[in-house]
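A note on a ligand shell follows.

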Amino acid sequence: MSIKSTSETNNFIDDNEIWSNIEKAKNCDNKEILDILKKAEEAKGLTQYETAALLMVKDKELTQEIFKLAKRIKEKIYGNRIVIFVPLYISNECGNICEYCAFRADNKELKRKTLSFEEIKQEVAVVEKQGHKRILAVYGESPKYDVNWMVKGIEAIYETKTDPSGEIRRVNVNAAPMSTEDFKILKSSQIGTYQCFQETYHKKTYEKVHISGKKKDYLYRLNALHRAQDAGIDDVAMGVLYGLFDPYYETLAMLKHCEELEAKYGVGPHTISFPRLEPALGSYMSEHPPYLVDDDLFRKIVAVIRLAVPYTGMILSTRESAELRHELIHLGVSQVSAGSKTSPGSYHESLTNIPDEQQFTIGDERNLDEVIYDLSQMNFVPSFCTSCYRLGRHGDHFMDMAKNLHIKNFCQPNAILTFSEYLEDYASPKTKQAGYEMVKRLLTEINSEDLRKTVTEEVSQIKNGKRDIFH
Ligand code: SAM
Ligand code: SF4
């Protein structure tokens, strides 16, 4: 019998602590809320109690204050750049039965597909030709493939190059938890971030909705990011699947997870995602979430997470509609996916999602160019930057720079440069025109004269054919 290590069994979620903070927060008055907002302005993060109190704010004016502050804090740390990525579904084969997911093993209606390395390359070529530079590779959990096979697939992604400047410069991975040894193998494929959502931190609910399969082991999943860190993957990403359990509990528990990683490894999560349950083929639960999170509460959750963990990247996926993404992007979001398809092979096979192969319904079906145009109209700079990861600025090094407010000195020039590359090689005429007007303005806004001159010269070089310039 194998003995499990603490990185498989450590339970740092304290139910009593979370519920008592939620109870206490119910009595928080408006004056105290204003004090919490004053503290949040310092961008030092929030306690569980303060987070719960802000989540429960009902007053309309105070809610607007929370939203405005979330936007200010994000801009203070990261500037107005929004990083763009695209998910690449490699396999929808899965041995688990998760009640909310179309990929679950007992879903007979779903057509199963695992991409071959050749098919991976075909898919990558399609998204490269749209202008993408960052991929999130997504996998089910199947005995049909192991980490060595995943590594070969990731190599196939990096190897795929297309004209005029198509290449993937960062592959992040969303896959089932593995052992520390397997994480070491995964790291060897030069991944950026390892992402794993706890789905629900509430153990009883977790065990109920994960009906069978390896994923049923709550503690093995709870400690996945610890094992990834132990294996040297220092950019890890977390998330809750909102809709499964009480959203206040989940947000506080996720905060505890951040604190736990920070205390143990000196760095919290690189990014946080906040997926909401979306309708999935054959899943009754996905259409009838046990704890429905309405748009009003969801907006507040996004903004309050920005205040609670100010330095963490926040990812908004295409699960949400274009209209809501329009609003949420102002509340502290720093990364968005665009042009996503959630069935393996669908970038190559068709221009629409294939309903009986996809994981869940997409809310925002706009293509990359439309998203980019829209962002530029909202004065956000779309960024395809992968510089930090390639120059070794990750883990605590990255977070220290974010905390010292240095990161945006890199983010803004790199956003301008990668955006210019996109405008040259992939943008529609309308986006190109609007984009270059924006670039012109952004260049004048760079405070340091030396840096302004350098970046202006680099944009000219890009217009003359030079590629992949970064700081
Ligand atoms: N199999 C791996 C796992 O479970 O961690 C990774 C892939 S899974 C396809 C990625 C994420 O999709 C899950 O962690 C879950 O949060 C999310 N997901 C599953 N079903 C969903 C649904 N119906 N609506 C929204 N998100 C969903
Ligand atoms: Fe499989 Fe992940 Fe879907 Fe669960 S959420 S059924 S583990 S793909």
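## Polar links across the interface

Across the interface of domain 1 and domain 2, the rule finds 11 residue pairs in polar contact, both residues being at pLDDT 80 or more. A polar contact is a pair of N or O atoms within 3.5 Å; within protein, one must be able to donate a hydrogen and the other to accept it, and residues adjacent in sequence count only if both atoms are side-chain atoms. On the side of domain 1 that touches domain 2, the residues divide into 15 nonpolar, 11 polar and 10 charged.

The rule also finds 1 salt bridge across this interface. Arg169 forms a salt bridge with Glu421, with the closest N and O atoms 3.1 Å apart. The criterion is a side-chain nitrogen of Lys or Arg within 4 Å of a carboxyl oxygen of Asp or Glu.

## Model and conventions

This is a predicted model: local features need pLDDT of at least 70, side-chain atom pairs count only at pLDDT 80 or more, and totals for chains, interfaces and linings use all residues. Side-chain values use heavy atoms, leaving out hydrogens and water.

## Domains and buried area

Domain 1 spans 72-402 and domain 2 spans 405-463; the bounds come from an automatic or database domain assignment. Their C-alpha centres lie 27 Å apart. The area buried between them is about 2,500 Å² (accessible area, 1.4 Å probe, lost on being put together, summed over both parts). Carbon and sulfur atoms give 62% of that area. Asp369, Tyr373 and Met401 supply 22% of the area that domain 1 buries against domain 2, more than any other three residues.

## Ligand 2

Cys94, Cys98, Cys101 and Arg104 are among the residues that surround ligand 2 (a heavy atom within 4 Å).

Methods. Residues numbered from 1 in each chain as written. Chains lettered and ligands numbered in written order. Buried area = accessible area lost by both parts, 1.4 Å probe. Nonpolar A, V, L, I, M, F, W, Y, C, P; charged D, E, K, R; others polar.
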